[in-house]
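Work through the exercises below with the sequence and the model at hand. Each task is followed by a solution in steps.

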Amino acid sequence: MSSRQAGAAGSAKGCEYAFDGKISREVLENYLSRAITMMRHGNTEDNNRMLLNIGAKFIGRVAGCWGGESSLPQQLEELKTYTRQMHALDPEMILQACIFEIISRDLDKLPVPGWVFDAFGLKPEKRNFSYSAMLYPDGQGKCSWSDDASVPDMNQLETRLWFFYAAASYINCGVEGIHFGQVELMDKNDPKHAAWWDLLSHIRSHAAAHARRHLVLCDAHTPSGGVVMDDGRLLLDFHAHHMCIEAVPNTPYKGILRKGYATALYGRSRGGITPSGWACESLPYLVEIDNCGTSGREGQDIGYQFIWGYDDICWFAFLPEAERNAWLWYAWQWLKDNDPNGHLQVPGSRCLASKPHGRDWYHANTRSAAVPDGFDTEEVFKE
């Protein structure tokens with residue numbers, strides 16, 4: 001075993017994962033230090049084997065809609081089965097769902113349950129969600145993603161009804177973490193963040209009564225450093241952002257991490273009083289090897305937010321295996337040396353928009369008959 005392997009193995013000994021209602025900083029960081037993105041795709045049995053093999057504890061992005069919201073009830077039935085399977089394998093695992101910065105006209109097909117009205121003290125009525133009632137009144141963000149797919153305005157009550165319905169439904173399925181995408185895109189009408197606070201207060205109240213351990217961990221991408229209320233309370237349980245990998249000029253495909261590059265969160269995660277009650281100068285956070293689509297200029301140094309013309313995960317997948325593995329070790333150590341509040345969320349299963357090497361999905365699994373297109377990153381994660 002190499003010295004760095006021994007150090008990684010030693011740091012995992014005695015880790016504590018117990019919480020109920022609140023979570024300590026130590027336990028939160030134990031989870032974040034074993035975080036993986038695991039969009040559900042591919043061979044479920046082998047994916048589960050991999051998660052147990054590497055000791056993953058925070059399983060990110062296992063559910064979520066990018067439009068197509070009327071399919072959520074069916075997704076929830078599948079999610080219930082999945083969460084039961086995962087918690088039978090490891091009851092300490094936190095599974096995370098996502099509610100992103102998108103609404104689509106498909107919401108008009110989805111009925112509003114009576115319990116959603118009840119939660120907000122409203123008289124129940126028989127109707128569907130209203131896409132148009134969630135839009136910014138001045139039209140900003142409209143059709144940002146496609147025709148009839150827009151950025152919602154959290155200041156609109158209808159938006160909060162939808163987000164609460166989705167979040168509470170995920171919690172009822174056994175989910176204990178929810179990622180809320182780009183909160184600041186949905187917060188432009190509310191400088192005091194009162195609407196987000198109202199939404200998360202409702203979600204946290206539901207979790208206190210219905211979540212497995214009476215808590216849901218709420219996070220979002222926070223390029224500004226995070227949302228802190230006027231009285232010092234933090235909106236989120238932890239922060240998150242994509243890695244903001246910087247291309248090294250004239251050195252094709254080389255990428256580095258640097259404080260101060262673009263919207264990188266390194267050294268900028270804001271502190272305050274967490275929802276669990278403890279104070280910090282800088283809130284712990286995750287950085288992920290994210291996906292954001294294609295640039296059409298793959299292989300060129302075109303600047304942020306692409307790395308050599310790729311999004312993070314496509315660039316990472318494009319690298320030769322030895323370089324991928326070395327870069328993971330580099331990123332892990334860089335965070336420890338430059339901002340120990342940050343934790344690397346490794347990519348276990350993620351979509352590939354630019355199709356590097358002709359593949360449309362990144363599976364970190366060890367290559368085998370079960371996963372013949374695995375990228376063989378699993379053992380590096382374990383180390």
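Buried means under 20% relative accessible area, exposed means over 50%, and partly exposed is in between. The model is predicted.

**Exercise 1.** Find the salt-bridge partner of Lys109 and classify both residues.

Solution. Step one: Lys109 pairs with Asp106 in a salt bridge, with the closest N and O atoms 3.1 Å apart. Step two: Lys109 has 58% relative accessibility and therefore counts as exposed. Step three: Asp106, with a relative accessible area of 14%, is buried.

**Exercise 2.** Which parts does the salt bridge between Glu288 and Arg350 tie together?

Solution. Step one: the closest N and O atoms of the Glu288 and Arg350 salt bridge are 2.9 Å apart. Step two: Glu288 belongs to strand E13 (residues 285–288) and Arg350 to strand E14 (residues 342–351), so the pair ties together parts 62 residues apart in sequence. Step three: Glu288 is buried at 4% relative accessibility, and Arg350 is buried at 0%. Step four: a network of salt bridges links Glu288 and Arg350 with Arg61 and Asp290.

**Exercise 3.** How many salt bridges does a search of the whole structure find?

Solution. The search finds 22 salt bridges. Among them is Arg233 with Asp231, whose closest N and O atoms are 2.7 Å apart.

Technical notes. Residues numbered from 1 in each chain as written. Predicted model: local features only at pLDDT ≥ 70, side-chain atom pairs only at ≥ 80, totals over all residues. Heavy atoms only, no water. Salt bridge = Lys/Arg side-chain N within 4 Å of Asp/Glu carboxyl O. Buried < 20%, exposed > 50% of the residue type's maximum accessible area, 1.4 Å probe, protein only. Helix = DSSP H or I, 4+ residues; strand = E, 2+ residues; numbered from the N terminus.
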